[in-house]
Amino acid sequence: MSMEGTTTERVGRACALLYAGGSWPTRRLAERLGISTAGAWAMLARLARVLPITLDADGWRLLTDD
């Protein structure tokens with residue numbers, strides 16, 4: 001598992017993926033970001049405190065007004 005980029009860059013990529021739409025299982029996001037599943041979950045849980053994202057049965061997703 002490659003840890004390419006800085007933490008800030010990985011957070012930015014995670015946000016871009018979520019804002020692009022769809023649901024992202026933690027494992028799939030972790031693979032895309034090159035980090036562990038536990039690391040991805042911890043990062044996204046922290047982001048959910050300040051961004052309109054949530055984890056449901058399908059994965060992490062952006063909350064919208066739709």
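## How the helices pack

Axes are lines fitted to C-alpha atoms, for helices over the stretch in contact, and angles between their N-to-C directions run from 0 to 180 degrees. This is a predicted model, in which local features need pLDDT of at least 70, side-chain atom pairs count only at pLDDT 80 or more, and totals for chains, interfaces and linings use all residues. Residues are numbered from 1 along each chain as its sequence is written, and side-chain values use heavy atoms, with hydrogens and water left out. Helices (H or I, at least four residues) and strands (E, at least two) are DSSP runs, numbered from the N terminus.

Take helix 2 and helix 3. Their axes lie 8 Å apart, and the packing angle is about 100 degrees. The two helices are therefore roughly perpendicular to each other. Contact means heavy atoms within 4.5 Å. On the helix 2 side, Thr 26, Arg 27, Leu 29, Ala 30 and Leu 33 take part; they meet Thr 37, Ala 40, Trp 41, Met 43 and Leu 44 of helix 3. Seven residues of this contact are nonpolar, two are polar and one is charged. Here Ala, Val, Leu, Ile, Met, Phe, Trp, Tyr, Cys and Pro count as nonpolar, Asp, Glu, Lys and Arg as charged, and the others, Gly among them, as polar.

Helix 1 also meets helix 3. Their axes come within 11 Å and cross at roughly 70 degrees. That makes this pair roughly perpendicular too. Arg 10, Val 11, Ala 14, Cys 15 and Leu 18 of helix 1 touch Met 43, Leu 44 and Leu 47 of helix 3. The contact has seven nonpolar residues, no polar ones and one charged.

## The nonpolar core

A nonpolar core is a set of buried Ala, Val, Leu, Ile, Met, Phe, Trp, Tyr and Cys residues joined through side-chain atoms within 4.5 Å. Buried means under 20% relative accessible area, exposed over 50%, and partly exposed in between (1.4 Å probe, protein chains only). The largest such core holds 16 residues. Leu 18, Leu 29, Leu 44 and Ile 53 touch the most other members. Helix 1 (7–20), helix 2, helix 3 and strand 2 (59–62) each supply at least two residues of this core.

Leu 44 touches Leu 18, Leu 29, Ile 53 and Trp 60, with residues up to four places away in sequence not counted. In soluble globular proteins, nonpolar side chains tend to be buried together.

## Loop and strand

Gly 34 sits in the loop between helix 2 (26–33) and helix 3 (37–47). Gly 34 is buried, at 11% relative accessible area. Its C-alpha atom is 14 Å from that of Leu 44, 10 residues away along the chain.

Thr 54 belongs to strand 1 (residues 53–56). Thr 54 is partly exposed, at 23%. Beyond its neighbours within four places in sequence, Thr 54 contacts Gly 59, Trp 60, Arg 61 and Leu 63. Thr 54 and Ser 23 are 31 residues apart in sequence, yet 9.6 Å apart in space, C-alpha to C-alpha.

## One salt bridge

A salt bridge is a side-chain nitrogen of Lys or Arg within 4 Å of a carboxyl oxygen of Asp or Glu. The whole structure has one. Asp 56 pairs with Arg 61, and their closest N and O atoms are 2.6 Å apart. Both partners are partly exposed: Asp 56 at 28%, Arg 61 at 29%. Side chains of opposite charge can pair when their charged atoms come close.

Note on methods
Angles under 35 degrees count as roughly parallel, over 145 as roughly antiparallel, 65 to 115 as roughly perpendicular and the rest as oblique.
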